[in-house]
Amino acid sequence: MFKSGFVTIVGRPNVGKSTLLNQIMGEKLSIVSNKPQTTRNNIQTILTGEDYQLVFVDTPGIHKPKHKLGEYMVSSAKDSIKDVDLILFLINPDEKIGKGDQFILEVLKNSKAPVFLVVNKIDEFTQDRVAKTLQMYSEEMDFKEIIPISALKNKNVDKLVKLMIEYMPEGPKYYPDDMITDVQERFVVSEIIREKALRNLRDEVPHGIAVDIIQMKEKENGTYHIEVDMICEKESHKGIIIGKNGQSLKKIGETARYEIERFLRAKVNLKIWVKVRKEWRDNQILLKELGYKNLNR
């Protein structure tokens, strides 16, 4: 019997959703950063075994939006809960249930799909704190499974995958065996560049940044030529991104190029241009051009 289905991962920003997905897949497909609200688009990732196929949807964290982009991210996360076979609600150990997690709980209580409570980062907290968290949440909702894990340290991740397969219905193979993601290479490349900006810039700048790939060509010798516009909201941000004598932009470019070469398995010539588009996160036309297409839902 072949089992297959769709799994969505929900949770507050920065609880480790993308890290968990990357650990399960063994590939860096979803942008990971220590800053919240990193993931902006749902990414479908496919894990195929001999008798199963799990299709994961990695969602933006559910949070109170402050602009059109934030509204898109929250709408996208809520939509991912519909029409799936299993939901993973990812949390971190805490002394009380915060407003954000309480809001997600209320949404999940209306879900028809089974819900797993996945408590991440257990390596960073005491056993008492983890136990208290499990108790609090189990009193709030009847979860099908409760699994403590450390996505970063790969603790109990295999157990989680086995449980997910058990809950999958009998079904078809939706994607070919060798397909691990349905997003285009251009999107993954743009996310890698955005991650490096997130890691290297000040807190007030990164979430005002978008990456638009202007050109991505594979040459006859197998190398790639990539030109990118890095869009920011203020002239002062442009100066910070470029840095003194261009050092900041150079560091972003070098670290991004290294990882893009690993992803494409080819040499890359990367050029990044920094451009200012004031208040682009509230510009629906520009947001749609950048790939945030479902803004009117």
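The model is predicted, so local features need pLDDT of at least 70, side-chain atom pairs count only at pLDDT 80 or more, and totals for chains, interfaces and linings use all residues. Residues are numbered from 1 along each chain as its sequence is written, and side-chain values use heavy atoms, with hydrogens and water left out.

**Exercise 1.** Determine how many residues of strand β1 are buried, and which strand pairs with β1.

*Solution.* Begin with the terms: strands are DSSP runs of E with at least two residues, helices are runs of H or I with at least four, and both are numbered from the N terminus. Buried means under 20% relative accessible area, with a 1.4 Å probe and protein chains only. In β1, residues 3-10, 8 of the 8 residues are buried; K3, G5, V7 and I9 point one way, while S4, F6, T8 and V10 point the other way. Next, β1 pairs with β4 (residues 86-91) in the parallel sense over 4 bridges, where pairing requires that DSSP finds at least two bridges between the strands.

**Exercise 2.** Compare the reach of helix α8 with its expected span, and find which elements its buried residues pack against.

*Solution.* The expected span is 1.5 Å times one less than the number of residues. The buried residues of α8, among them L249, I252 and A256, pack against α6, β7, β8, α7 and β9, with contact meaning heavy atoms within 4.5 Å. Finally, just after α8, R265 takes a positive phi of about 55°.

Methods: Buried < 20%, exposed > 50% of the residue type's maximum accessible area, 1.4 Å probe, protein only.
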